[in-house]
Amino acid sequence: MNGESYRRILAVLDLSDDSLHIGQHAAALARGLQAEIELLHVVELLPVEPMSETLMTTVRIEDELVERARLRLATLAGRLGFATAPCWVEAGNVKAQIVRVARRRQADLIVLGSRERHGVSILVNLTEDTVLHAAPCDVLAVRVKRTAPPDRY
């Protein structure tokens, strides 16, 4: 950052109940720093056998999931007071898409949720850890208390 303030914040939201909490943190930062905010949700798609009979059905389901996510993300942007902020819905590997969009959009800061880990889940490579090490910018992990399956960003 070289002493500069954050100019573009990328808020990564999984559209779970915690998304409003995470988004509020990102929004407060953006307002306080007079930074732009952009919202991102990644729909992680399940791999499908290319020659499968269900390929067309799967493509329709994926399109529907992406469209539904766009609507939910736009609604959330409005609730956060950023109805005109760019909202990105990408499909693919969550970790890779977060890093890719952050690079493409030249984000200065990525804000995402971080859930408490217990037991075996401590050993799992979670999204926030991977993003932290691969991101082209700073990463702020907002702690959420609810326990959820890993990699739901």
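**Notes on a predicted β-α chain**

1. From the N terminus on, the elements run β-α-β-α-β-α-β-α-β. That gives 4 helices and 5 strands in the chain. Both kinds are DSSP runs numbered from the N terminus, helices being H or I with at least four residues and strands being E with at least two.

2. A word on what you're looking at: this is a predicted model, where local features need pLDDT of at least 70, side-chain atom pairs count only at pLDDT 80 or more, and totals for chains, interfaces and linings use all residues. Residues are numbered from 1 along each chain as its sequence is written, and side-chain values use heavy atoms, with hydrogens and water left out.

3. How far can you trust it? The average pLDDT (the predictor's confidence in each residue, from 0 to 100) is 83 for the chain, and 74% of the residues score at least 70. Strand 1 has the highest confidence at 97, while helix 4 (residues 127-134) has the lowest, with a mean of 72. Residues 118-124 have a pLDDT below 50, and beyond near neighbours in sequence this stretch has 3 contacts in the model. A contact here means heavy atoms within 4.5 Å.

4. Next, the chain as a whole. Of its 153 residues, 40% are buried, where buried means under 20% relative accessible area, exposed means over 50% and partly exposed is in between (1.4 Å probe, protein chains only). Take the contacts between residues at least 6 apart in sequence: 80% of them join residues at least 24 apart.

5. Now have a look at helix 1. Its 15 residues, 19-33, reach 21 Å from first C-alpha to last, close to the 21 Å expected at 1.5 Å a residue; the expected span is 1.5 Å times one less than the number of residues. Which residues of helix 1 are buried? They are S19, I22, G23, A26, A27 and A30. These cover an arc of only 135° around the axis, so they sit on the same side of helix 1; the arc is taken from the directions from the helix axis to the C-beta atoms. An α-helix has 3.6 residues a turn, so residues three or four places apart point the same way. Just after helix 1, Q34 has a positive phi of about 55°.

6. Strand 2 (residues 36-43) is mostly covered, with 7 of its 8 residues buried. Strand 2 pairs with strand 1 (residues 8-12) in the parallel sense over 5 bridges; pairing requires DSSP to find at least two bridges between the strands.

7. I37, in strand 2, is buried with a relative accessible area of 5%. Leaving out residues up to four places away in sequence, I37 touches I9, A11, A26, A27, A30, F82, A85 and P86. Q97, in helix 3 (residues 94-104), is buried at 13% relative accessible area. Leaving out the residues up to four places away, Q97 touches L40, V42, E90, A91 and G92.
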